[in-house]
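The following exercises are to be worked with the sequence and the model in view. Each task is followed by a solution in steps.

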Amino acid sequence: MAHVSDLIAEDIDAYLEAHQHKSLLRFLTCGSVDDGKSTLIGRLLYDSKMIFEDQLAALEADSKKVGTQGGEIDFALLVDGLAAEREQGITIDVAYRFFSTDKRKFIVADTPGHEQYTRNMVTGASTADAAVILIDARKGVLTQSRRHSYLVSLLGIRHVVLAINKMDLVDWSQEVFDTILADYRAFAAQIGITEFTAIPMSALRGDNITAVSEAAPWYKGPALLPHLEDLPVEDQLRARPFRMPVQWVNRPNLDFRGFSGFISSGTVKPGDKVKSIPSGRESRVARIVTLDGDLDIAVAGQSVTLTLEDEIDASRGDVLAASSDPPQVADQFESTIVWMDDEPMLPGRPYVLKLGTRLVSASVAEPKYKVNVNTLEHLAAKRLELNEIGVCNLSLDAPIAFDPYVENHDLGGFILIDRISNRTVGAGMLHFALRRSQNVHWQALDVDKAARARAKGQTARVVWLTGLSGSGKSTIANLVEKRLMAAGRHTYLLDGDNVRHGLNRDLGFTDADRVENIRRVAEVAKLMVDAGLIVLVSFISPFRAERRMARDLMGADEFVEVYVDTPLAEAERRDVKGLYKKARTGELKNFTGIDSPYEAPEHPEIHIDTTAMSAEDAAELIAARLMEGLD
Amino acid sequence: MSANRAAALPPAPDLTHLQRLEAESIQIFREVVAECEKPVMLYSVGKDSAVMLRLAQKAFYPSKIPFPLMHVDTTWKFQDMYAMRERMQKEADFDLIVYQNPEAVERKINPFDHGSALHTDIWKTEGLKQALDKYGFDAAFGGGRRDEEKSRAKERILSFRSAQHRWDPKIQRPELWRLYNTRKAPGENFRAFPISNWTELDIWQYIHLENVPIVPLYFSKVRPVVERDGALIMVDDERMKLEPGEVPMQKSVRFRTLGCYPLTGAVESTASTLPEIIQEMLLTTTSERQGRKIDHDQAASMEKKKQEGYF
């Protein structure tokens with residue numbers, strides 16, 4: 001992979017000395033196959049001699065076999081990876097490539113450009129310092145160029161290069177270049193890209209890639225590679241206040257307690273005053289510990305272990321920060337969310353949010369709007385589908401330390417994880433904390449749940465009956481309540497149909513509305529449990545995730561899930577309310593079991609098989625189990 | 001000199017690329033350890049493993065490495081590799097597990113009688129799956145790098161495997177910023193690749209700067225070899241079966257990658273210091289994996305092996 005420098009052959013030690021001081025730049029290339037993106041990357045690898053002879057031989061053979069350059073070397077073949085993609089002729093994921101010049105090492109995130117791969121581009125953009133947006137000189141600024149630019153701006157990439165490619169096919173016309181430049185400038189200003197560098201080039205011919213080409217004497221700017229070599233990368237983060245999310249508490253023995261983490265912004269020195277956020281406890285840095293000895297200073301981008309002068313209780317998920325300028329703490333935010341999963345984002349459904357090293361439960365409100373990534377129009381939305389981007393409020397179940405994303409990507413960027421499938425389903429960027437979360441404080445009350453329940457001579461519980469429509473939930477719940485009442489208990493029955501007449505009459509039967517339906521009922525049940533009552537909830541509640549949410553709202557052992565198990569065929573045969581018939585004829589949409597899914601409980605506390613047990617017996621069983629636990 | 005300390009004086013210059021890579025790798029090590037129940041590091045004794053070991057020490061210092069290292073052994077590694085393993089265990093003080101597939105032991109699987117494909121499959125691929133199941137590890141650190149091979153360019157830092165250890169492109173998760181999603185169902189596990197973004201040159205340069213001990217086979221020396229199918233195979237012990245008329249030659253050779261000695265080709269070389277090795281590598285014109293016999297079968301073969309559970 002000979003770097004051409006003769007230094008390697010003549011003085012390897014001098015070469016190594018120079019090479020070890022190289023900096024690192026990560027950049028993203030955006031564009032589709034047609035723009036010559038793969039060709040550009042192949043060309044960069046080729047021109048920086050990162051291709052070995054055996055690879056080159058394979059490349060020449062491939063170029064003859066499947067290339068698109070009439071037997072000449074097809075650089076695009078160098079970077080198209082997985083076998084399936086080769087056949088389809090498109091790149092479908094984020095691929096990372098590496099090359100270096102005499103000044104810098106580069107990591108290239110190569111992402112596909114089509115709209116259906118927005119999530120891949122966002123992923124690639126999240127770690128990039130710079131973006132190279134490709135434009136086909138023959139076509140000018142297209143819809144996709146706008147989409148790419150919007151995403152680049154959304155992810156906060158500071159350095160934008162507009163690579164106006166295939167200039168050889170427009171005879172290196174300055175007029176063409178100037179027109180594209182003017183078009184782009186007008187558009188870029190709308191999305192907050194104020195600075196960018198436009199370079200005319202031909203990736204295929206190698207013009208203006210490593211050196212300024214004579215093909216365009218009118219162009220006075222730099223070639224691509226020298227430009228990328230000179231971009232500043234770390235200046236801004238280092239100038240910001242110190243932040244280090246605690247990853248791991250390092251305790252080899254009783255005498256040493258260190259906080260290990262990656263410094264996401266600022267600098268830190270022994271003696272600096274730091275605060276642990278959210279607790280707000282303050283101390284001073286005693287040592288910056290590394291295997292290579294203690295450091296006098298550490299900067300953004302380093303992984304270190306800090307010890308403090310005082311024993312303060314910080315743990316994984318907390319942020320150590322400059323005392324003079326700590327991050328904010330909040331539990332409700334406005335954010336932009338990019339949805340990355342085939343299953344849509346449902347407002348109200350609890351997801352796991354990871355930000356820095358912190359994991360908390362979070363739910364997303366109905367989007368304020370979603371963004372048409374091609375036109376930048378704001379559109380009304382009830383939910384977000386795969387690859388959609390929306391501005392939404394977020395509500396967390398615990399306050400966290402954060403910075404707005406524009407100031408610090410590590411403390412403002414988050415992912416959302418599905419609680420059941422464990423997939424990473426979304427990514428987002430925090431804008432700001434909502435005022436209400438900072439101003440509404442939890443009112444601590446003297447009379448608590450246990451006291452209220454004691455006064456009623458019972459232990460508060462939620463008995464959550466789930467099952468298909470017509471499975472017999474309400475009948476059984478009603479019988480259970482009568483038995484409890486007769487035994488002198490204080491109860492309340494929340495019934496699906498009844499609640500939909502009042503509290504939830506604004507909700508329909510879409511997946512999103514079902515989630516909100518359950519969220520409200522769970523919150524009401526929680527208030528009633530707090531009042532010391534035994535609450536019977538009779539709701540279809542088809543999704544595991546929401547039943548899990550309801551369970552998590554209550555205290556340990558307070559939630560008793562009862563699965564009223566009636567097979568679909570049997571419920572449909574009974575069809576007490578005539579609803580199945582309507583659903584089958586299409587008169588009723590989104591009916592659970594017919595055209596909307598029911599996810600049966602995996603580990604209910606009580607399982608009632610209604611084909612083997614009468615409603616009376618079921619009620620008897622449930623009441624008995626409750627009394628056992630209650631007395 | 002330490003990569004950490006090099007840029008530590010204000011006004012500090014940009015971190016060097018090695019400092020940034022090191023910090024990133026350490027962050028990945030810590031993240032997996034903080035969030036997983038039972039991690040393990042796969043230790044092959046090669047140069048990438050040597051760098052991984054140093055990074056793991058750095059990530060948790062002054063604590064001891066908080067997970068065991070596991071060598072999935074084939075009994076056919078170079079003798080120098082076994083010696084290095086023992087030495088590093090003493091010097092770096094880690095818990096070591098050596099796993100040998102009992103079926104392979106019993107059937108005396110070897111590259112001469114069974115061929116390289118079967119040998120590799122039973123000792124390494126099967127052995128690794130068995131070992132992960134036996135100990136119930138839920139995360140395994142590996143030294144894979146994205147620059148090694150085309151299909152690796154898209155590998156995630158955390159690569160998820162089903163309970164049957166299969167890699168499926170559809171269950172891989174997007175990785176944004178420095179956020180890794182380590183959540184998984186019981187039985188599922190993942191491989192973690194902390195040095196994904198390092199190149200071969202980075203590895204060598206780090207070994208040079210940090211004085212990381214590596215197996216002497218990487219340095220040139222006169223060694224007994226025979227030439228087979230265009231490759232120079234070292235006669236490392238008495239189990240090497242010589243073809244009729246084959247006589248070992250004494251040649252100055254070294255190895256660019258290490259594996260089972262009958263399957264690992266040497267290159268003729270006089271490079272006996274790290275700078276000379278790096279020089280040779282930079283001036284050489286064939287890629288690193290050419291010395292490794294298992295790669296050559298068919299295009300995209302690594303991808304196929306990955307799906308089957310091989311690293």
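**Exercise 1. Identify the residues in contact with V537(A), leaving aside its neighbours within four places in sequence.**

Solution. Step 1: apply the criterion that two residues are in contact if their C-beta atoms, placed from the backbone, lie within 7 Å. Step 2: V537(A) then touches V462(A), V463(A), W464(A), L465(A), L494(A), V521(A) and A525(A), neighbours within four places in sequence being left aside.

The model is predicted: local features need pLDDT of at least 70 and side-chain atom pairs count only at pLDDT 80 or more, while totals for chains, interfaces and linings use all residues. Residues are numbered from 1 along each chain as its sequence is written, and chains are lettered from A and ligands numbered from 1 in the order in which they are written.

**Exercise 2. Describe the closed barrel of chain A and the helix that packs on it.**

Solution. Step 1: take helices (H or I, at least four residues) and strands (E, at least two) as DSSP runs, numbered from the N terminus. Step 2: the barrel has 6 strands in the order β7-β8-β13-β11-β10-β14 (chain A), with antiparallel pairing; two strands pair if DSSP finds at least two bridges between them. Step 3: on average, neighbouring strands are turned by 50 degrees against each other, direction ignored. Step 4: α1(B) packs on this sheet and touches β7, β8 and β13 of chain A, its direction making about 65 degrees with that of β7(A). Axes here are lines fitted to C-alpha atoms, for helices over the stretch in contact, and angles run from 0 to 180 degrees between N-to-C directions. Step 5: β10 and β14 of chain A are joined by 4 bridges, and V274(A) stands opposite A322(A).

**Exercise 3. Is helix α6(B) mostly covered or mostly uncovered, and what covers its buried residues?**

Solution. Step 1: count a residue as buried if 20 or more other C-beta atoms lie within 10 Å of its own, exposed if 12 or fewer, and partly exposed in between, with C-beta atoms placed from the backbone. Step 2: 9 of the 11 residues of α6(B) are buried, and the helix is mostly covered. W204(B) and Y206(B) are among the buried residues. Step 3: the cover includes α2 of chain A, as well as α1, α2 and α7 of chain B. Step 4: after the helix comes N211(B), with a positive phi near 50 degrees.

**Exercise 4. Which is buried and which is exposed, W177(B) or D229(B)?**

Solution. Step 1: most residues other than glycine have a negative phi. Step 2: W177(B) has a positive phi of about 45 degrees and sits in the loop between β5 and β6 of chain B. D229(B) also has a positive phi of about 45 degrees, in the loop between β7 and β8 of chain B. Step 3: W177(B) is buried because 22 other C-beta atoms lie within 10 Å, whereas D229(B) is exposed, with 7.
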